[in-house]
Amino acid sequence: MGAGILVLVGLFAVAWAMTPIPDTTQKQATAQGSVIYYRDGRTVLARQGVDRKVVELDKVPKHVREAVIAAENRSFYEDAGVSAKGTARALWSTVTGQQLQGGSTITQQLVRNYYSGLSQERSVTRKFKEILIAMKVDQSKPKDWVLEQYLNTIYFGRGANGVQSAARAYFGKDVEDLDVAEGAYLAAVIQQPSRFADPEGADLQAARYRWKSVIDAMRETGALSAEEASAQKFPELVAPKKPFELKGQARYMLQQVTDELNRRGYTDEEINSGGLKIVSTFDKKLMTTAERAVKATLPDGTSQKVRTGLAAVDPATGEVVAFYGGNPERYAYDNAFSAKVMAGSTFKPYTLAAALDNGFDLSTRVDGNSPLRVASADKPIPNDSGRSYGRIDLVQATQNSVNTAFVDLGQKVGLDKVAATAEKAGIPAAQLTQKDAASFPLGVSSVSAVQNASGFSTFANKGVHVEAHVLKSITDGEGHKEVVKPVSTKVVGEQAAADTTYAMQQVVKYGTGTAARLYDRPVAGKTGTTDDSRSVWFNGFTPQLAVAVNMFRDDNKTVTVPGYGTQFGGQLPAQIWRAFMTEAMAGKPVEEFPEPSDYGWDDYSTFRDPGDEPQQDASPPVDDGWSTPSTAPEEPFSDGWPPSQGPGDNPQDGRNDQNGRNDQNGPNDFGRRGDQSEQSDPPSSQESDQPFARNDQAPVNGPDRTAPGN
């Protein structure tokens, strides 16, 4: 017998030596979910991952700690991490195959749930290993440390991990505010969290019995006097909260926040379990304003295939403060960040800025006659309705969105400089297709609303582009804060930006964008409409905010709206822009744009010739067939015009500008007018924005077409 005892002691000593405390913890044991806030840093936008918030032990009231100890391990502060009786009982039930009951001390439960390397299987080997580690932890760690980790690790039901989350889940308050009865209930829940999470009927009776046993145990341990124990009443539980559910634009906001976190090096695991505090750039009030502006402006009966995107960017910081991305219940990708459609005439300001930054000025005259023959184009490039403007200055060319004038200007300044300017302004190089095509200045490239708003913010920010972003700061679980510092790039000089802005002011005052006027402050902007109004835009800004609105169809057909017919950039897109900005700028100080260069000639706002007045865009025949769209792609342009793209880079044939429709001159077909309808899924587009233009243009780089009315 003595020899047997010595052998057992020896085996125990060997096992003790060979069983160290694991140096890693289970990820789920310490995981804390991340919280994403609106830009105010206080209003919660979304929660991601595990519902746990770690608290220090001194934040947990003494009566809550005593309730847990009374319920789970009365000898906690006296034992060596294990209970001889409990362990014997647990081992016996394991060997005999019975339900494992009790037996585990708080230290053992912590070891099982906290450290890596211990499985949850019921076996003698695992139980023995658990006991050894629990004893070592008891020798090496203070009891309060063990209790703190336990309270932050244990699962309480209702999706709550840890005592702080449990207090919020069951009683809608922080753990430090729990009273005795509430603390006793949380202690009771530990035994059967699923059953006692929302008890009814027999489960409620069982929960009451278990709670009463905890109160009695607290009396027996001296935590409560007999009078205090008898005075306790079963607590009232708050209704269980539904899982954190994102609705409306919040889904798109969360996706953009997650995508940017990934781009900045944060893994999904860190986001879901790192306890991050993430402050986004989104303004809750402006997000509501954006949605209201779109929905209140679009008439009832608008086809669900017609999609609208809106994006608002702070020029000084690059922060995307608001957007409208459409209906997340219907579309997996949003209309503001993901959908990319042809920019049409909203691309012309990049051409203008490139010219003004390379020796040209607003009084520079270019060829506004139609058609214009360019050596690199297979066919002559026309204006809307074939209209000729003669030799016109750059202000008139912008105000009337004259296609041939911008094609001529692009040839003079160099298309490589135009592309470089657009890229510096935030348009990815990969999207600047057809850089060598004569029609490139007319907006054959597809962009998103966010990219276009960000690009125009350059002009509002004196020629400096600040990278568009949706994160302000990220604070990790240990309190280390990272403030996002976006990249700033000088795109053009201050005077070039001021002169570009001045030309776009005339678009809103006298040209295609008059529907976007704000009567209390100056506005600069540009309309855009692609061939056949497959996408329509209004891009505009004040010194404080740059906003882009696009409309398109998810079948790449002409954008038509009941009661409004075929759309142009200066119509509903401009009205949506104005509705949003009227509310967004309310109460904001009126800021003026910088003065343009003085060229010593008469006011730009006066028409120089009787025939220069902007023309009303003539809508093509209303297509009432938008309710039965065709998903087949349009015939590609003869010189390889880039298709518009959606989130998945689904090809879409874009057309041209729209200040006119005559999509006729095959290659180099660049569209028509400036203001036209919008399109959904990534349609491609171009347009020559002409104030109230009509069919002033024929397509450039597209298949021959017959313009409406011809």
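A: We begin with strand pairing: two strands pair if DSSP finds at least two bridges between them. Strands of a sheet pair through backbone hydrogen bonds, in either a parallel or an antiparallel sense. Keep in mind that this is a predicted model.

Q: What is the strand order in the open sheet of five strands?

A: The order is 2-1-6-14-15, and the pairing is mixed. Strand 2 (44-48) and strand 15 (481-483) are the edge strands, each pairing on one side only. On average, neighbouring strands of this sheet are turned by 15° against each other, direction ignored.

Q: In which sense do strand 14 and strand 15 pair?

A: Strand 14 (residues 471-475) pairs with strand 15 in the antiparallel sense, over three bridges. Within this pair, Thr475 stands opposite Lys481 in strand 15.

Q: Is Arg387 buried or exposed?

A: Buried means under 20% relative accessible area. Arg387 has 15% relative accessibility, so Arg387 counts as buried. Arg387 lies in the loop between strand 10 (365-367) and strand 11 (391-393), and its side chain makes a polar contact of 3.4 Å with the side chain of Tyr389.

Q: How many residues of helix 18 are buried?

A: In an α-helix there are 3.6 residues a turn, so residues three or four places apart point the same way. Helix 18 (residues 403-413) is mostly covered, with nine of its 11 residues buried. Among them are Asn403, Phe406, Asp408 and Val413.

Q: What follows helix 18?

A: Gly414 follows helix 18, and the phi of Gly414 is positive, near 105°.

Terms used. Residues numbered from 1 in each chain as written. Predicted model: local features only at pLDDT ≥ 70, side-chain atom pairs only at ≥ 80, totals over all residues. Heavy atoms only, no water. Helix = DSSP H or I, 4+ residues; strand = E, 2+ residues; numbered from the N terminus. Axes fitted to C-alpha atoms, helices over the stretch in contact; angles between N-to-C directions. Buried < 20%, exposed > 50% of the residue type's maximum accessible area, 1.4 Å probe, protein only. Polar contact = N/O pair within 3.5 Å; in protein donor to acceptor, adjacent residues only side chain to side chain.
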